[in-house]
Amino acid sequence: MVQAAESGEGKLVAKDFIFIAIFGLLLFIVFLVFAMIMGMNATTFWYTHALGAIPGGIVWMYLLARVPKRGAILCMSVLTALVALLMGMLWTGPVGIVIGGVVAELIAGAHERTTTRNIIAFVVWVLCFWAGQVSMIFLAGDAYVQMVVATGMSADYAQGLIDFA
């Protein structure tokens, strides 16, 4: 049984889901803190995911060290996406998180997860998260300003995001 857990084989059990929930929420909180700080300015907002990935990577690697099983990344991604959606993130961000989870799960592999694969999986996950979050800016353009104003932010801030893009 110990060998199965170390090689990433076997099914997720209740203890695994507890670790996934704790570290999924911790990963979300890390990115949320960076979004709050970097989001104060429309220009620095664009670097939120890159800077948040530094401490976020530590959380990611620790989770994969504790739960090296198939499905852990996807479960964590779905949980993180649900929390993001409940916290008011536009729908494209959570979609990016889930897509990133699927791709990261494929990259990390089912057998013999290596540190290199885990790092590459995290980079791809962050890129998908970022692409999902900023895609609305590119897709909606000027309509994005009205969406942002409806959520309580200023039109100048939203226009600053569009102008930077």
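1. How many disulfides does the structure hold? The structure holds 0 disulfides, a disulfide being a pair of cysteine sulfur atoms within 2.5 Å. The model is a predicted one, in which local features need pLDDT of at least 70 and side-chain atom pairs count only at pLDDT 80 or more, while totals for chains, interfaces and linings use all residues. Residues are numbered from 1 along each chain as its sequence is written, and side-chain values use heavy atoms, with hydrogens and water left out.

2. On the cysteines, the sulfur of Cys75 lies 18 Å from the closest cysteine sulfur, that of Cys128, which is too far for a bond. Cys128 is accordingly in no disulfide, the nearest cysteine sulfur being that of Cys75. Cys75 is partly exposed, with a relative accessible area of 27%, whereas Cys128 counts as buried at 18% relative accessibility; here buried means under 20% relative accessible area, exposed over 50%, and partly exposed in between, with a 1.4 Å probe and protein chains only.

3. On the aromatic residues, the structure holds 11 aromatic pairs, where rings of Phe, Tyr and Trp (its six-membered ring) pair if their centres lie within 6.5 Å, and planes under 30 degrees apart count as stacked, over 60 as edge-to-face and the rest as tilted. One of these pairs is that of Trp60 and Trp125, whose ring centres are 5.5 Å apart and whose planes stand at 45°, so the pair is tilted. This pair links distant parts of the chain, since Trp60 belongs to helix H3 (residues 48-66) and Trp125 to helix H6 (residues 115-140), 65 residues apart; helices (H or I, at least four residues) are DSSP runs, numbered from the N terminus. Trp60 counts as buried at 1% relative accessibility, and Trp125 counts as buried at 0%.

4. Trp125 also pairs with Phe122: their ring centres are 6.2 Å apart and their planes are at 15°, so the pair is stacked. Because Phe122 and Trp125 are 3 residues apart in helix H6, about one helical turn separates them. Phe122 is buried, as is Trp125, and one aromatic cluster is formed by Phe31, Trp60, Phe122, Trp125 and Phe129.

5. Ser77 counts as buried because its relative accessibility is 0%. Leaving aside its neighbours within four places in sequence, Ser77 is in contact (heavy atoms within 4.5 Å) with Ile97, Val98, Gly101 and Trp125.

6. Two packed helices are described by the angle between their axes and the distance between the axes. Helix H7 (residues 142-150) packs with helix H8 (residues 155-164) at an angle of about 145°, their axes being 9 Å apart; the axes are lines fitted to C-alpha atoms, for helices over the stretch in contact, and angles run from 0 to 180 degrees between N-to-C directions. The contact involves Asp142, Tyr144, Val145, Val148 and Val149 from H7, together with Ala155, Ala158, Gln159, Leu161 and Ile162 from H8. By class, this contact has 8 nonpolar, 1 polar and 1 charged residues, with Ala, Val, Leu, Ile, Met, Phe, Trp, Tyr, Cys and Pro counted as nonpolar, Asp, Glu, Lys and Arg as charged, and the others, Gly among them, as polar.

7. A last point concerns Gln146, which is placed in helix H7 and is exposed, with a relative accessible area of 53%. Gln146 and Gln159 are 13 residues apart in sequence and 9.8 Å apart in space, C-alpha to C-alpha.

Note on methods
Helix = DSSP H or I, 4+ residues; strand = E, 2+ residues; numbered from the N terminus.
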